[in-house]
Amino acid sequence: MFGSLFSTNRRLREAQIPALAQVTPSPWLQAWRALRQNRLAMLCLILLVVMAVWCIVGPYYSPWRDDATDALMINKAPNAEHWLGTDFLGRDVYTRLLLAGRISLIIGMLTMLLSVTLGYLMGAVSGYVGGITDKIIMRFADLVMTIPSLPLLIVMGAMLSELDFSPDSRVYMVIVMLSLLEWPKLARLVRGQILSLRERDFMLATQVLGLSSRRRLFGHLLPNTVPILVVMATMAVANAILSESALSYLGLGVVPPTPSWGNMMDAANSLIDFQRRPWLWMPPGVAIFITVIAINVLGDGLRDALDPKMKRSKND
C-alpha cells in the first residue's frame with residue numbers, strides 16, 4: 001500500500017514539473033511578452049525593421065544609380081519617373097535616400113557596437129576591481145564627458161578634412177570619433193550597476209563557494225547588467241545617427257560622393273533651395289526624424305520590459 005502511495009505521489013510530482021515550467025518562463029521570454037504588450041514599441045520595432053530592409057534591398061530595384069547624373073534633369077520636382085525628384089546634379093533623390101540610409105544606419109550600428117563594447121568593459125573593470133583602477137577610469141570618463149560633444153566633433157571633423165581622408169575611410173573615422181565620445185556614459189552606468197550587484201546575497205554566496213573571480217564576473221555579475229546594456233545600446237544608435245547627421249550637414253562628417261542623410265540635407269544650402277525645392281532636404285530630414293523617434297520609443301519599451309523596477313503603472 002505504501003509503495004503504491006509513494007509511486008502515485010512521484011507521478012504527481014513529475015506531472016507538475018511541466019506545469020511549473022510553464023508558470024515560470026525564462027526572464028527573456030517574460031521580457032518579450034511584456035514588449036509585445038507595448039503596441040507603440042512593437043510598431044516602432046516593425047518600422048525600423050522595414051526601414052532597414054528597405055534601405056538594403058530598395059536600391060537594387062531602383063532604375064537609377066547613385067552616380068548617374070543627367071544635366072537635363074537638374075533640380076526637377078517629384079514626378080512619375082523620379083518619385084522624390086532630382087538634385088543639383090540630376091541624380092535621383094529616392095535612390096540616394098536609400099543608399100544614404102544604409103550609411104547612416106551602418107554608422108549608428110557600428111558606433112553602438114564599438115562604444116558599448118568599450119564602455120561595458122571599462123565600467124565592469126572599474127566597478128569590480130575598484131581602487132586606483134576605478135579612479136583612473138572614472139576620472140578619464142569624467143574628463144571626456146565634461147567636454148561639449150558637438151564642438152569637439154566639429155574640431156575632430158575639421159582635422160579629418162585637413163588630413164584629406166578618402167570619402168570611404170571618412171565613414172570609419174566618423175564611427176571611431178562618435179564611439180570615443182559615447183562610451184563614458186555607458187561605463188558610468190555599468191559601474192554603478194556592478195557596485196550595487198556585487199553586494200547582493202547571490203554574489204556573497206559565490207564568494208563563499210570559492211568561485212574564481214573570472215567565473216563570478218562573467219558568469220554571475222555581468223549577465224545581470226544585460227538589461228541596462230540593451231537599453232543603452234538602442235539609445236547609442238539614435239545618438240550616433242543624430243551626431244553623424246549634424247557633422248555631415250556641416251560638411252565635416254561623411255562627404256560626397258558617399259551619401260548620408262546629413263550631407264543630403266546639406267544639398268539645400270541656400271534660401272532658394274530651402275523655399276522652392278523641399279524635395280532636396282525634406283526626405284532625409286523626415287527619415288532622420290522617424291528613425292530617431294522609433295529608436296527612442298523602442299528603447300523606452302525595452303527598458304520597461306527588461307527592468308521590472310522601472311515599469312510604469314497602467315494609470316501613467
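## Stop one: a charged trio

Keep in mind as you click that this is a predicted model. Start by selecting Asp 87 and Arg 96: their side chains form a salt bridge, with an N to O distance of 3.9 Å.

Are Asp 87 and Arg 91 buried or exposed? Both of them are buried. Asp 87 has a relative accessibility of 5%, so it counts as buried, the cut-off being under 20%. Arg 96 is buried too, because its relative accessible area is 7%.

## Stop two: along helix H5

Next, select helix H5, residues 131-146. Inside it, pick out Arg 139 and Asp 142, which sit three residues apart, about one turn of the helix. Their side chains meet in a salt bridge of 2.9 Å, N to O. How exposed is Arg 139? Its relative accessibility is 48%, so Arg 139 counts as partly exposed. Asp 142 comes out as partly exposed as well, at 22%.

Across the whole structure, a search turns up six salt bridges.

## Stop three: helix H10

Select residues 226-249 and you have helix H10, with 24 residues. From first C-alpha to last, H10 reaches 35 Å, close to the 34 Å expected at 1.5 Å a residue. Then click on Gly 251, which follows H10: its phi is positive, near 80°.

## Stop four: the nonpolar cores

Now for the greasy part. Which residues have the most contacts inside the largest nonpolar core? They are Leu 221 and Trp 261, in a core of 47 residues. Several elements give two or more residues to this core, including helix H3 (39-57), helix H4 (93-129), H10 and helix H13 (282-306).

Zoom in on Trp 261 and show its neighbours. Leaving aside residues up to four places away in sequence, Trp 261 touches Met 51, Leu 97, Ala 100, Gly 101, Ser 104, Pro 284, Ala 287, Ile 288 and Thr 291.

How values were computed
Residues numbered from 1 in each chain as written. Predicted model: local features only at pLDDT ≥ 70, side-chain atom pairs only at ≥ 80, totals over all residues. Heavy atoms only, no water. Salt bridge = Lys/Arg side-chain N within 4 Å of Asp/Glu carboxyl O. Buried < 20%, exposed > 50% of the residue type's maximum accessible area, 1.4 Å probe, protein only. Helix = DSSP H or I, 4+ residues; strand = E, 2+ residues; numbered from the N terminus. Expected span 1.5 Å × (residues − 1). Core = buried A, V, L, I, M, F, W, Y, C linked by side-chain atoms within 4.5 Å. Contact = heavy atoms within 4.5 Å.
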